[in-house]
Each structure stands twice: as structure tokens, then as C-alpha cells.
Amino acid sequence: MPRERRLVGRQRELVGIQSALERQAAGAAATLWVQGEAGIGKTRLLDELRTRADAHGHLVLAGRGAEFERDIPFGVWIDALDDYAGALGPDRLERLLGDRDEELAWVLPAVPAPSGASLPTLPEERYRAHRAVRALLDAMARHRPVVVVLDDLHWADGASIELAAHLLRRPSAAPVLLALAFRTGQVPV
């Protein structure tokens with residue numbers, strides 16, 4: 001039988017996690033920042049969030065930055081959302097997003113791009129992709145609260161950071177909890 005992993009000395013952080021989940025249960029968007037030095041237990045706190053959110057029936061999606069994958073645009077978002085979006089399939093995505101499914105294909109490889117579609121090159125086009133990700137999260141959260149956990153964001157690529165910053169500036173109107181973990185002073189958000 002696996003031994004229960006208890007968090008010791010993290011009462012303030014656990015209260016913050018519980019508070020964010022309660023705001024989300026009330027229908028509001030929420031954000032959690034977990035920052036600190038390497039080895040301080042950021043990932044363990046995110047694991048606790050995931051466990052509690054899962055126990056409450058929330059949809060939990062997680063991505064993680066990797067030191068040697070900084071060249072992959074939207075890498076942490078692909079890690080978090082790609083499999084789920086791919087499992088929804090093109091028809092359901094179109095019903096959820098309408099004409100924004102093309103922009104979502106710019107971010108997530110599992111989303112089929114219409115023939116002839118090209119990747120965004122101008123900043124204005126990238127923001128359309130950001131809005132498409134927000135629309136996807138909002139649509140998913142209409143059915144049940146969504147928790148997006150992005151760990152090791154200090155190793156994320158620039159496009160991932162830009163998308164996270166967009167969602168922080170323009171939070172969801174739906175019960176979406178965005179949890180970001182990074183080393184102190186290493187993420188430009």
C-alpha cells in the first residue's frame with residue numbers, strides 16, 4: 001500500500017490552494033503563482049493542487065517546461081493541452097470554437113489545420129492564437145472547472161511565456177484556474 005505523502009510546514013500555501021479552488025468552485029477564474037529556488041518543493045505543491053482539484057471533479061491539464069526543449073514554440077501548452085484537444089476531434093472543436101479552430105491549430109499540433117493555413121507571423125496574428133486558447137479553456141470550463149498547471153515555466157519558450165502573460169492580463173470569465181510554477185526571478189511575466 002502506498003504511503004500517504006503529507007506536506008509539512010506548508011499551511012499558508014495549502015490555504016492558498018484551497019482558496020483558489022473555492023473561488024473556482026464559485027464560478028470565478030483564479031491564478032496561483034508558485035515561485036522559489038530550485039528544490040524548494042514547487043512541484044510538490046502543484047501535485048497537491050492536482051490531487052485536490054481531481055478529487056473535486058475538475059479537469060486537470062498539466063504541462064512542464066524542459067531545459068532542452070526551449071526551442072519548441074508553445075511547448076508547455078502543447079504538453080498541457082494537445083492530447084486533450086486532439087481527443088476532442090475536429091468536429092467537436094469546431095462546435096466549441098467556431099472559426100477560432102484554425103488559430104488553435106497554430107498552437108496545438110493535434111488540432112488539424114485547414115488546408116492552406118500558415119503559421120502566424122505578425123504579432124497581431126499571434127494574439128488571435130492566444131484568444132483561441134482562451135476560448136478553448138472557456139468552452140471546456142462551461143462543462144466543469146478546468147485547472148491548467150504549468151510547471152518549470154522558467155524553462156519555457158518565449159511563445160509559451162507570451163501566451164501565459166496574455167491569459168494573466170485577460171483572465172477567463174469561466175472557472176479556469178491557471179497555476180504557474182517557476183524559479184524566482186527567472187520568468188519575464
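Biologist: Which residue follows α1, and what is its phi?
Modeller: In this predicted model, α1 is followed by G27. The phi of G27 is positive, near 100°.

Biologist: Back to α1 itself. How far apart are its end C-alpha atoms?
Modeller: They are 21 Å apart. Helix α1 covers residues 11-25, which is 15 residues, and at 1.5 Å a residue it should span 21 Å, so the two values agree.

Biologist: Which residues of α1 are buried?
Modeller: L14, I17, A20, L21 and Q24.

Biologist: Where do those sit when you look down the axis?
Modeller: The buried residues of α1 fall within an arc of 125°, so they line one face of the helix.

Biologist: And what is exposed on the other side?
Modeller: Q11, R12 and V15 are exposed there.

Biologist: Now the whole chain. How many helices and strands?
Modeller: The chain has 6 helices and 4 strands.

Biologist: In what pattern along the sequence?
Modeller: Reading along the sequence gives α-β-α-β-α-α-α-β-α-β.

Biologist: What share of the residues is buried?
Modeller: 46% of the chain's 189 residues count as buried.

Biologist: And the accessible surface, what does it come to?
Modeller: About 10200 Å² for the chain, with 49% of that belonging to carbon and sulfur atoms.

Biologist: Last one, on contacts. Of those between residues at least 6 apart in sequence, what share joins residues at least 24 apart?
Modeller: That share is 78% in this chain.

Technical notes
Residues are numbered from 1 along each chain as its sequence is written. This is a predicted model: local features need pLDDT of at least 70, side-chain atom pairs count only at pLDDT 80 or more; totals for chains, interfaces and linings use all residues. Side-chain values use heavy atoms; hydrogens and water are left out. Helices (H or I, at least four residues) and strands (E, at least two) are DSSP runs, numbered from the N terminus. The expected span of a helix is 1.5 Å times one less than its number of residues. Buried means under 20% relative accessible area, exposed over 50%, partly exposed in between (1.4 Å probe, protein chains only). The arc is that of the directions from the helix axis to the C-beta atoms. Contact means heavy atoms within 4.5 Å. Accessible areas come from the Shrake-Rupley method with a 1.4 Å probe; for residues, only the protein chains shown count as cover.
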